[in-house]
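Subject: Structure for your review

Dear colleague,

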Amino acid sequence: MIHAATPYLAAFRARWQTTMRYRAAALAGFVTQCWWGMINIMIYAAFYRAAEGTAPISLHQTVTYVWIMQGTLALMPWGCDPEIADAVRSGAVAHDLLRPIDLWWWWFCRATARILGRLVPRALLMIVFAGLVLPLAGLGAWALHPPPSLEDAALFALSILMGLVLSACIVVLLNIVTVRTLSPAGGNAVITPLSLILSGNMLPLALFPGAVQMLLLLQPFAGLGDLPCRFWLGTLHGGRAALALGQQAAWITALILAGRASLRHTLHRLEIQGG
């Protein structure tokens with residue numbers, strides 16, 4: 001069993017080490033996300049001040065929601081694996097077909113390592129800045145606040161882990177689309193706005209009109225951001241928490257099955273270009 005998993009662990013470790021070398025990119029992304037997070041918070045503060053009635057979530061919760069989304073921005077499936085896209089253009093993707101491995105799991109491990117390598121340093125920096133520096137600077141109202149309980153923190157961690165798996169499954173699907181179309185442009189152009197809007201990154205899903213709330217919560221992108229944020233805020237407990245985690249697990253299962261079926265079909269019709 002260990003011997004069979006060795007190639008996939010090696011792929012994960014190699015991609016993790018490569019991604020972690022880009023420290024300057026991680027720092028630049030962190031600074032950008034801090035700036036964007038502060039702008040978002042100022043906009044929300046203005047709207048809450050001018051709003052009439054009671055919002056589904058408070059300004060205090062919205063501020064924490066913004067920092068969580070900024071800290072986990074790298075969790076979004078921004079597009080296919082750029083190395084896979086280059087390999088498709090050059091014809092080097094044929095090398096992956098010659099390996100004695102399960103190609104779906106190979107790509108999944110690579111995608112997981114790349115996402116995690118970009119996520120960890122930025123998330124840690126964001127926790128330090130928004131959770132420690134801002135309160136010490138007298139900006140506690142604009143700070144990231146901890147989960148209400150250890151149970152909420154544990155549920156958040158589990159939900160983020162499932163969000164990581166969900167994101168990697170989407171990236172593998174984008175890899176397959178790239179292999180079929182011989183270009184990453186189409187898939188990447190579609191997935192970026194979908195991820196940002198439907199995950200709650202642009203606007204918390206709780207602030208969307210009530211008529212579309214159910215549809216927004218049931219779609220797969222909610223598991224990348226909104227559902228983990230709700231666990232952090234402590235708004236999901238008991239049966240609702242189980243349903244949210246079950247929804248993430250169901251989408252992961254569906255994407256794995258769809259991805260593997262699509263990959264088999266794609267490989268039967270694969271055309272290699274370049275050389």
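Which element gives the largest share of the lining of the largest pocket? That share, 7 residues, comes from α6. This is a predicted model, in which local features need pLDDT of at least 70 and side-chain atom pairs pLDDT 80 or more, while totals for chains, interfaces and linings use all residues. Residues are numbered from 1 along each chain, and side-chain values use heavy atoms, without hydrogens and water.

The largest pocket holds about 340 Å³ of space. A pocket here is an open set of points on a 1 Å grid where a 1.4 Å probe fits, with protein on both sides within 12 Å along at least five of seven lines; lining residues have an atom within 4 Å of a point. Of its 19 lining residues, T72, A123, I127, F156 and I160 lie nearest the centre. Two or more lining residues come from each of α3 (59-71), α6 (103-136) and α7 (150-181); helices are DSSP runs (H or I, at least four residues).

The second largest pocket has a volume of about 270 Å³. Among its 15 lining residues, T18, T19, Y22, R114 and R118 are the closest to its centre. Here too α6 gives the most, with 5 residues.

Helices α10 (residues 226-233) and α11 (residues 238-268) have axes, fitted to C-alpha atoms over the stretch in contact, that come within 11 Å and cross at roughly 155° on a scale from 0 to 180 degrees. The two are therefore roughly antiparallel (angles over 145 degrees).

Yours sincerely

Definitions and conventions. Angles under 35 degrees count as roughly parallel, over 145 as roughly antiparallel, 65 to 115 as roughly perpendicular and the rest as oblique. Grid points are joined across faces, edges and corners, and a volume is the space filled by probe spheres set on the points.
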